[in-house]
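Biologist: Please put the structure up, and then let me ask about it piece by piece.

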Protein chains: 2
Amino acid sequence: MDDAVRDFVGHLGYEFADPALLERALTHRSRGSNNNERLEFLGDSALGFTISAFLFQQFPDLSEGELTRLRARLVRKESLAELARRMELGPALRLGAGELRTGGFDRGSILADALEAVFGAVYVDGGFDTARDVILRIYRDKLVALDEDASAKDPKTRLQEHLQSHGLPTPTYEVIEVSGQAHAQRFDVRCQVPGLTVEVRGTGRSRRAAEQDAAQKALAALDED
Amino acid sequence: MDDAVRDFVGHLGYEFADPALLERALTHRSRGSNNNERLEFLGDSALGFTISAFLFQQFPDLSEGELTRLRARLVRKESLAELARRMELGPALRLGAGELRTGGFDRGSILADALEAVFGAVYVDGGFDTARDVILRIYRDKLVALDEDASAKDPKTRLQEHLQSHGLPTPTYEVIEVSGQAHAQRFDVRCQVPGLTVEVRGTGRSRRAAEQDAAQKALAALDED
């Protein structure tokens, strides 16, 4: 094991019983057919489930839509690449000649894929509980930030704070339609956000629920911008 | 627990320590805010990981792309709804008045979502190993069929067999371009499939690899049809 790999293992906090698995996880396809693509498939899925289970347990009041949004933010390539850089994964990569020449060791997508492959390798080597513990430890800062930040608050509050922090005015909500019978009404609400060109609509069984739904969709649209 | 739920539990093969979790998993959002949407978020992810880990281990020769294709086929709503019907999930559902009237107990998307929620509930109730065992048992027939059928064979063979079984002629492969330096050549191949209007192309570091890649994409295109 060379020094770069040893440094990376230090950041990972897990010693492989089978170091060949780690080597494979660090091998980009530019290096040959014995590469990390299958492990990436596995690790991507282990990561998704680990984060899902954490969010489900940690935030009992968040809706499915909000949980999905938080998960997407945590597992996207940019987040993974940032973690991989912090763990000095780049220097430990095994790249083909072409990628070496063109700086592949610092390419976000290569780093993100390799970190997912490492998660997959930890699962194969040590089982699910081990992989989950490694993933949650590596993600700890991001998960703590979630906790302190957005997610305990409802979508309308978060949308308002988000807009204020960008010096933008308050969003407006307007009921477009109320349908259904008295005991099962459905409210359609439009939310207009200064600076958002898309029209955001929400529905719910009360005006408040429809507004929260619309606010959540507005946050998602802002996230995509 | 009413008879319909008891029958479903028989098919599921798992007794909940906390029956309220099962009740929640069977509650559609039309019934109120205490519904199965959060459990569906969790179960969808537990299912994806369980199937990924099974396929990874079971098919060591399949590429990431082929694994992804197999997984998509197994976890799509149609497959889940079919399993849910076989398990008599419909009669155990708790629906709102509107969905009850319009036959929601046999709607594919409602059945699929509820079965995912049940997987999530098993995970919360019994932990990951239990949820994995339940999922693999319920999926057993489909997984055995995979094994016997397609997946041990390479994409070109599978494409040829698929076309033959539909009485169609053999696909043709044509090298469009060879680029790159001698030690790192890249082959671009076009695969034409009778009856497929889209043009399918594959790339690889050898002619054979490029043809397999093209054949796999052709299979994916046929799957979508």
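Modeller: A note before we start: this is a predicted model. Begin with one helix contact: in α3(A), Glu37(A), Arg38(A), Glu40(A) and Phe41(A) meet Glu64(B), Leu67(B) and Thr68(B) of α4(B).

Biologist: How many charged residues does the contact of α3(A) with α4(B) have?

Modeller: α3(A) brings Glu37(A), Arg38(A) and Glu40(A), along with Phe41(A). From α4(B) come Glu64(B), Leu67(B) and Thr68(B). By class that gives 2 nonpolar residues, 1 polar residue and, for the charged ones, 4.

Biologist: How far apart are the axes of α3(A) and helix α4 of chain B?

Modeller: Two packed helices are described by an angle and a distance between their axes. For α3(A) and α4(B), residues 64–75, the angle is about 35°. The distance between these axes is 8 Å.

Biologist: Now take α4(A) and helix α3 of chain B. At roughly what angle do their axes cross?

Modeller: Glu64(A), Leu67(A) and Thr68(A) stand on the α4(A) side, and Glu37(B), Arg38(B), Glu40(B) and Phe41(B) on the α3(B) side. This contact has 2 nonpolar, 1 polar and 4 charged residues. The axes come within 8 Å and cross at roughly 35°.

Biologist: Which element gives the largest share of the side of chain A that touches chain B?

Modeller: The contact takes 20 residues from chain A and 21 residues from chain B. On the chain A side, α3 (37–58), α4 (64–75) and α6 (97–101) each supply at least two residues. By class, that side has 10 nonpolar, 6 polar and 4 charged residues. The largest share is 12 residues, and it comes from α3(A).

Biologist: Within chain B, are α3(B) and α8(B) roughly parallel or roughly perpendicular?

Modeller: Ala46(B), Leu47(B), Thr50(B) and Phe54(B) of α3(B) touch Ala131(B), Arg132(B), Ile135(B) and Leu136(B) of α8(B). The residues divide into 6 nonpolar, 1 polar and 1 charged. The axes are 10 Å apart, at an angle of about 75°. Angles of 65 to 115 degrees count as roughly perpendicular, so α3(B) and α8(B) are roughly perpendicular.

Biologist: Which strands of the chain B sheet stand at the edges?

Modeller: The sheet is open and antiparallel, with 3 strands in the order β1-β2-β3. Neighbouring strands are turned by 25° against each other on average, direction ignored. Each edge strand has a single partner, so one side of each is left without a neighbour in the sheet. The edge strands are β1 (172–179) and β3 (200–204).

Biologist: Which residue in β3(B) is the bridge partner of Phe187(B)?

Modeller: Strand β2 of chain B covers residues 186–192. Its pairing with β3(B) is antiparallel, over 5 bridges. In β3(B), the bridge partner of Phe187(B) is Gly204(B).

Biologist: What distance separates the centres of the two domains of chain A?

Modeller: The domain assignment gives domain 1 (3–148) and domain 2 (155–224). Taken over C-alpha atoms, their centres are separated by 35 Å.

Notes: Residues numbered from 1 in each chain as written. Chains lettered and ligands numbered in written order. Predicted model: local features only at pLDDT ≥ 70, side-chain atom pairs only at ≥ 80, totals over all residues. Contact = placed C-beta atoms within 7 Å. Helix = DSSP H or I, 4+ residues; strand = E, 2+ residues; numbered from the N terminus. Nonpolar A, V, L, I, M, F, W, Y, C, P; charged D, E, K, R; others polar. Domains from an automatic or database assignment. Pairing = 2+ DSSP bridges. Axes fitted to C-alpha atoms, helices over the stretch in contact; angles between N-to-C directions. Parallel < 35°, antiparallel > 145°, perpendicular 65-115°, else oblique.
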